[in-house]
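Here is a short briefing to read alongside the coordinates.

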Amino acid sequence: MRTIFSTVFAALFAAGVSLSAIEGQVVATLSENIAEQWAGIPPERPPLVPTVASVVRKQPFKIEPIFYKVAVKEGKAAVRVRLTIHAPDGSVYFDSKDTLPGQEFPCTAPNAARLCASSLKIDFEPKDKAGEYEIIVRIMDLNDKSECVAKTKITLLDKAPALDIPPAELEGMLVRYYAAPRPECIMPLLRHMLDVKIPMLQKDKKRPFQPGPIASWFVFAFRRNPQLYPELAAMRSGAMDFRNSFLAQIALGVGGAAAETIPLPERKILQDGAGRTALDFDEVTLPWQIDALWSEFFVTGGRRPIERIVETIVCAEGPMSPEEYKKLKSPSMDDRLALIRHLNGVAAVWSLASNAKTHRLVSFYLEAMLQRGELKNDYTKNVVTKILAQAAANPAPAPAVKAP
């Protein structure tokens with residue numbers, strides 16, 4: 001796995017860089033949120049683009065062309081992309097030819113890096129030969145007729161390499177997977193959690209174990225890795241115990257072919273009438289759901305879970321603090337719900353403040369929300385402003401940069 005971060009893209013994002021004609025590059029990545037980052041963070045902030053060097057069959061990956069230094073005509077830029085993949089024997093495995101649509105857009109910063117609208121998500125089939133595939137992208141500027149060619153390579157493996165990863169390193173992926181996706185580690189991590197970590201957490205009498213956040217992490221991890229569905233199904237047995245219920249909840253959350261492996265009687269236990277599990281919730285009503293949203297972010301790096309956590313901040317403004325609750329002689333159900341709502345808001349504020357310091361992408365998303373006026377509630381706006389100030393005083397280190 002190779003990671004491109006600030007040092008690669010920073011110069012491309014700065015206006016006024018002197019470059020000749022259109023230029024670009026292409027990356028192969030396991031991340032599905034590159035476009036979301038490009039749109040969801042401030043334009044001066046560099047996105048996190050983890051690239052991938054090898055995959056196995058049925059493992060999806062994306063090819064993302066990036067271009068800069070465009071010609072502007074009547075306030076608009078226009079480009080077209082042609083994408084070709086050569087097989088290990090040199091033959092043409094894929095050629096988009098002229099099937100990809102052109103991309104025209106208003107442009108005031110011709111030197112800024114942009115993501116092509118024509119990305120490609122593919123996975124190799126069982127019949128495809130193992131070996132090194134060359135990816136060639138030709139980016140044409142339709143205004144000045146200049147063009148550039150960018151290349152990268154990806155290796156198709158017959159099987160994922162054998163791993164011997166220390167437990168601490170496996171557990172570290174729970175909060176950093178989006179920055180360096182390693183699908184080959186998902187199954188070892190799941191076994192470690194079921195055999196070691198979860199039993200340890202279940203023994204902690206002071207802090208009741210809530211499986212939802214961990215299950216959510218694996219739901220989003222497996223959704224992006226259908227090549228692992230057979231291994232997930234093979235882990236289950238016929239026993240009606242916690243282990244099998246936990247695995248079934250993951251499979252049902254993943255949906256599709258993974259969910260089809262769960263017998264109907266178990267589905268009726270774990271799903272409601274609409275086919276939803278406890279992991280499917282529209283709004284945060286319980287504290288563990290904040291952790292579940294963070295699990296989604298830690299896997300995907302997506303903006304939406306951050307937005308949902310930010311939406312919960314306003315709950316902290318509620319009047320029913322623990323101190324006020326303790327003063328009540330006979331708390332009603334409404335009082336209890338008000339207390340839970342307040343605690344959800346407090347958890348949202350605390351977790352955002354903590355993760356904005358350790359994850360630059362979190363602070364970038366918050367920064368964009370504030371700059372674009374997306375935060376309509378004054379209390380939420382003030383809280384996010386303070387969080388960003390604290391994060392700026394203790395900035396998170398950038399991920400290690402390796403040559404692409």
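In this predicted model, K145 counts as exposed because its relative accessibility is 64%. K145 sits in the loop between strand 11 (131-141) and strand 12 (147-157), and its phi is positive, about 65°, although K145 is not a glycine. Most residues other than glycine have a negative phi.

**Backbone turns**

- Strand 11 and strand 12 form a hairpin with five residues between them, and K145 is in the turn.
- K58 also has a positive phi, near 70°, and is a residue other than glycine.
- The place to look for K58 is the loop between strand 4 (54-56) and strand 5 (61-68).
- K58 counts as partly exposed because its relative accessibility is 36%.

**Strand 12 and its partners**

- Strand 11 and strand 12 run antiparallel and are joined by 10 bridges.
- Strand 4 pairs with strand 12 in the parallel sense, over three bridges, and S54 stands opposite T155 of strand 12.
- Which side chains of strand 12 point to the buried face? They are C148, A150, T152, I154 and L156.

**Nonpolar cores**

- Nonpolar side chains tend to be buried together in soluble globular proteins.
- The largest nonpolar core here has 71 residues.
- L190, F218, F222, I250, I306, L352 and L366 have the most contacts inside that core.
- Leaving aside residues up to four places away in sequence, L366 touches I306, V310, L352, A356, V384, I387 and L388.
- A second, separate core has 31 residues, including I85, L100, C116 and C148.

**Aromatic rings**

- A pair of aromatic rings is described by the distance of the centres and the angle of the planes.
- How many aromatic pairs are there? The count comes to 15.
- F218 and F222 form a tilted pair, with 6.4 Å centre to centre and 35° between the planes.
- Both F218 and F222 belong to helix 5 (residues 212-223), where they are four residues apart, about one turn of the helix.
- F218 is buried because its relative accessible area is 0%, and F222 is buried with a value of 0%.
- F297 and F298 make an edge-to-face pair, at 5.9 Å centre to centre and 65° between the planes.
- F297 counts as buried at 0% relative accessibility, and F298 is buried with a relative accessible area of 9%.
- F61, Y93, F124 and Y133 form one aromatic cluster.
- R223 lies over the face of F220, at 4.9 Å from the ring centre.

**Cysteines**

- A disulfide is a covalent bond between the sulfur atoms of two cysteines.
- How many disulfides does a search of the whole structure find? The search finds zero.
- C116 counts as buried, at 4% relative accessibility.
- C185 is buried as well, at 1% relative accessibility.

Methods. Residues are numbered from 1 along each chain as its sequence is written. This is a predicted model: local features need pLDDT of at least 70, side-chain atom pairs count only at pLDDT 80 or more; totals for chains, interfaces and linings use all residues. Side-chain values use heavy atoms; hydrogens and water are left out. A nonpolar core is a set of buried Ala, Val, Leu, Ile, Met, Phe, Trp, Tyr and Cys residues joined through side-chain atoms within 4.5 Å. Buried means under 20% relative accessible area, exposed over 50%, partly exposed in between (1.4 Å probe, protein chains only). Contact means heavy atoms within 4.5 Å. Helices (H or I, at least four residues) and strands (E, at least two) are DSSP runs, numbered from the N terminus. Rings of Phe, Tyr and Trp (its six-membered ring) pair if their centres lie within 6.5 Å; planes under 30 degrees apart count as stacked, over 60 as edge-to-face and the rest as tilted. A charge sits over a ring if NZ of Lys or CZ of Arg is within 6 Å of the ring centre and within 35 degrees of the ring normal. A disulfide is a pair of cysteine sulfur atoms within 2.5 Å. Two strands pair if DSSP finds at least two bridges between them.
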